[in-house]
Amino acid sequence: KRGFKTAFTFEAFINDAIGFLRNLPNEMLQVALDTEEYEVFTALISGVGADQQLDADTNPDGTTVVANAPLSREALIAAKAQVAARTINGRPIQVTGGWKLVVPVGRKTYADFILNMSLAQIQDGSLSFVATGYNPLSDITAIESEYVTGDAWYLVPVPGATRRPVLERLQLIGHEAPELRVQNLTGSYVGGGTVSPFEGDFDTDSAEFRIRLIGNGTLWTPDAVVWSDGSGT
């Protein structure tokens with residue numbers, strides 16, 4: 001369970017010329033969404049270890065990949081093959097619905113560049129890329145995360161791509177959405193009518209807001225993930 005609360009006086013609301021305080025409930029909801037992202041990526045980063053790191057490998061075309069290789073097409077091809085070679089209770093891990101490539105902020109453009117190359121061919125002794133050729137990485141989509149730093153990258157199956165769940169955010173039944181509350185002690189207008197919480201409560205002329213979020217990220221199946229710190233060692 002996570003959350004926080006804050007209070008402001010009626011005078012602060014009146015003097016809020018730019019409307020920041022009146023937008024406070026929406027800003028608190030944005031904090032909740034950021035928290036959900038933090039929970040999921042923290043579960044991913046803290047849930048993998050040396051057993052899930054990219055190993056040195058040789059691809060079928062003879063290209064070599066060093067352990068903890070920087071992001072490249074060759075490294076991603078090797079990563080997919082290494083997941084396919086792993087087993088859980090004697091059964092191979094099968095990924096049939098695509099992958100997410102998680103990279104640091106600012107690296108998505110480069111990731112998209114290498115993901116969208118197609119296989120090369122030799123024509124008249126020169127090397128060229130075939131726009132309509134087969135792309136073994138076409139099932140990978142790159143996303144950025146501020147929680148991934150340096151040269152690190154993570155290759156994660158998308159939800160539903162494996163028989164076993166991999167990375168999810170757990171939620172408490174009946175409390176799936178962020179819960180935003182305001183202290184309802186505003187009193188009533190003489191003659192009836194609802195008093196806005198921004199008018200302040202009855203005793204102190206202040207309004208107090210609270211948000212609560214119940215859930216956490218979990219990495220169910222670390223062996224379905226391949227990651228690299230990008231150091232090449």
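Which residue is the bridge partner of valine 102 in S10? I looked this up to open the notebook, and the partner is tyrosine 154. I note at the start that the model is predicted.

**Entry 1: the sheet around S10**

S10 belongs to an open sheet of 4 strands, in the order S9-S6-S10-S15, and the pairing is mixed. S9 and S15 are the edge strands, each pairing on one side only. I read an average twist of 20° from one strand to the next.

Next I took the two partners of S10 in turn. Strand S6, residues 99–104, runs antiparallel to S10 and is joined to it by 4 bridges. Within this pairing I found leucine 101 bridged to leucine 155 in S10.

**Entry 2: is S10 covered or open?**

I checked burial along S10, residues 153–157. Of its 5 residues, 5 are buried, so the strand is largely enclosed by the rest of the structure. I then looked at where the side chains go. In a regular strand they alternate between the two faces of the sheet. In S10, Trp153, Leu155 and Pro157 point one way, Tyr154 and Val156 point the other way, and all are buried.

I also looked for helices on this sheet. H3 lies across S6, S9, S10 and S15, and its direction makes about 45° with S10. H4 lies across S6 and S9, running at about 170° to S9.

**Entry 3: the nonpolar cores**

How many residues does the largest nonpolar core have? I find 38, and those with the most contacts inside it are Leu54, Leu76, Leu101, Trp153 and Tyr154. The elements that give two or more residues to this core are H2, H3, S6, H4 (108–115), S9 (140–145), S10 and S15. H3 gives the most, with 5 residues.

**Entry 4: asparagine 68**

Asparagine 68 is found in the loop between strand S3 (64–65) and helix H3 (73–85). Buried or exposed? Its relative accessible area is 7%, under the 20% limit, so asparagine 68 is buried.

I then asked what surrounds it. The side chain of asparagine 68 reaches the backbone nitrogen of aspartate 229 at 3.2 Å. Leaving aside neighbours within four places in sequence, I list its contacts as Gln53, Leu54, Trp227, Ser228, Asp229, Gly230, Ser231, Gly232 and Thr233.

I turned to an open sheet of 3 strands, in the order S1-S13-S12, with antiparallel pairing. S1 (2–9) and S12 (179–182) stand at the edges with a single partner strand each, so one side of each is left without a neighbour in the sheet. The twist here averages 15° from one strand to the next.

S12 and strand S13, residues 206–213, are joined by 4 bridges and run antiparallel. In S13, isoleucine 211 is the bridge partner of leucine 180. Helix H2, residues 24–47, packs on this sheet and touches S1, S12 and S13. I noted an angle of about 20° between the direction of H2 and that of S13.

**Entry 5: aromatic pairs**

I searched the whole structure for aromatic pairs, and there are 6. One of them joins phenylalanine 8 and phenylalanine 13 edge-to-face, at 6.3 Å centre to centre with 65° between the planes. Phenylalanine 8 is partly exposed, with a relative accessible area of 22%, whereas phenylalanine 13 is buried at 3%.

Phenylalanine 198 and phenylalanine 209 form a tilted pair, 5.8 Å centre to centre and 40° between the planes. I located phenylalanine 198 in the loop between S12 and S13 and phenylalanine 209 in S13, 11 residues apart. Phenylalanine 198 counts as buried at 14% relative accessibility, and phenylalanine 209 counts as buried at 4%.

Last, I checked how these rings connect. Ring pairs link Phe8, Phe13, Phe198 and Phe209 into a cluster.

Terms used: Residues are numbered from 1 along each chain as its sequence is written. This is a predicted model: local features need pLDDT of at least 70, side-chain atom pairs count only at pLDDT 80 or more; totals for chains, interfaces and linings use all residues. Side-chain values use heavy atoms; hydrogens and water are left out. Two strands pair if DSSP finds at least two bridges between them. Axes are lines fitted to C-alpha atoms, for helices over the stretch in contact, and angles run from 0 to 180 degrees between N-to-C directions. Contact means heavy atoms within 4.5 Å. Buried means under 20% relative accessible area, exposed over 50%, partly exposed in between (1.4 Å probe, protein chains only). A polar contact is a pair of N or O atoms within 3.5 Å; within protein, one must be able to donate a hydrogen and the other to accept it, and residues adjacent in sequence count only if both atoms are side-chain atoms. A nonpolar core is a set of buried Ala, Val, Leu, Ile, Met, Phe, Trp, Tyr and Cys residues joined through side-chain atoms within 4.5 Å. Rings of Phe, Tyr and Trp (its six-membered ring) pair if their centres lie within 6.5 Å; planes under 30 degrees apart count as stacked, over 60 as edge-to-face and the rest as tilted.
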